[in-house]
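Hello,

Here is the structure I said I would pass on. My notes on it follow below.

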Amino acid sequence: MVKKIIELDIEKCFDRISHSCIMERLIAPSKVKTGIFRCLKSGVSVQFPEQGTPQGGVISPLLANVALNGIEDVHTSLRYADDMVFILKPKDDADKILNKVKTFLAERGMNVSESKTKVTKATNGFNFL
């Protein structure tokens, strides 16, 4: 049997991350938390003031990783900010894993991009970052 990979893309990750999700999971001194809270509230999106992070800044990957912390408990994965790859064993059910990931992301205000997420054979190679 051939090993497979799930190449996962989060739809508008930096636009959709829940601020409360980040703040609840952030382990840092109170002054650092205050600074991050102010960064989050700096007006990323007027339409959605309770979600989104500044994209392209040095802090955005950190904030995405804070929000996504724990996804490694869903299944073995590699991630950096909004880029993720799940490594499947031959016996693993990709659909079940994707459903668990979708639930995990929904709790954080995010969704899987159906059009950009795919299951591929490990021997075909994959894109990460």
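**Notes on the predicted model**

Ser77 touches Ile71, Glu72, Val85 and Phe86, leaving aside residues up to four places away in sequence; contact means heavy atoms within 4.5 Å. This is a predicted model, in which local features need pLDDT of at least 70, side-chain atom pairs count only at pLDDT 80 or more, and totals for chains, interfaces and linings use all residues. Residues are numbered from 1 along each chain as its sequence is written, and side-chain values use heavy atoms, with hydrogens and water left out.

Ser77 lies in strand S2 (residues 77-80). Helices (H or I, at least four residues) and strands (E, at least two) are DSSP runs, numbered from the N terminus. Ser77 counts as buried because its relative accessibility is 19%. Buried means under 20% relative accessible area, exposed over 50%, and partly exposed in between (1.4 Å probe, protein chains only).

Helix H4 (residues 60-68) has seven of its nine residues buried, so it is largely enclosed by the rest of the structure. Just after H4, Gly70 has a positive phi of about 110°.

There are five salt bridges, each a side-chain nitrogen of Lys or Arg within 4 Å of a carboxyl oxygen of Asp or Glu. One of them joins Glu72 to Arg79, with the closest N and O atoms 3.2 Å apart. Glu72 is partly exposed at 36%, and Arg79 is partly exposed at 23%. Another pairs Lys102 with Glu114 at 2.9 Å between the closest N and O atoms. This pair links distant parts of the chain, 12 residues apart: Lys102 is in helix H5 (residues 94-106), and Glu114 is in the loop between strands S4 (111-112) and S5 (118-121).

Regards
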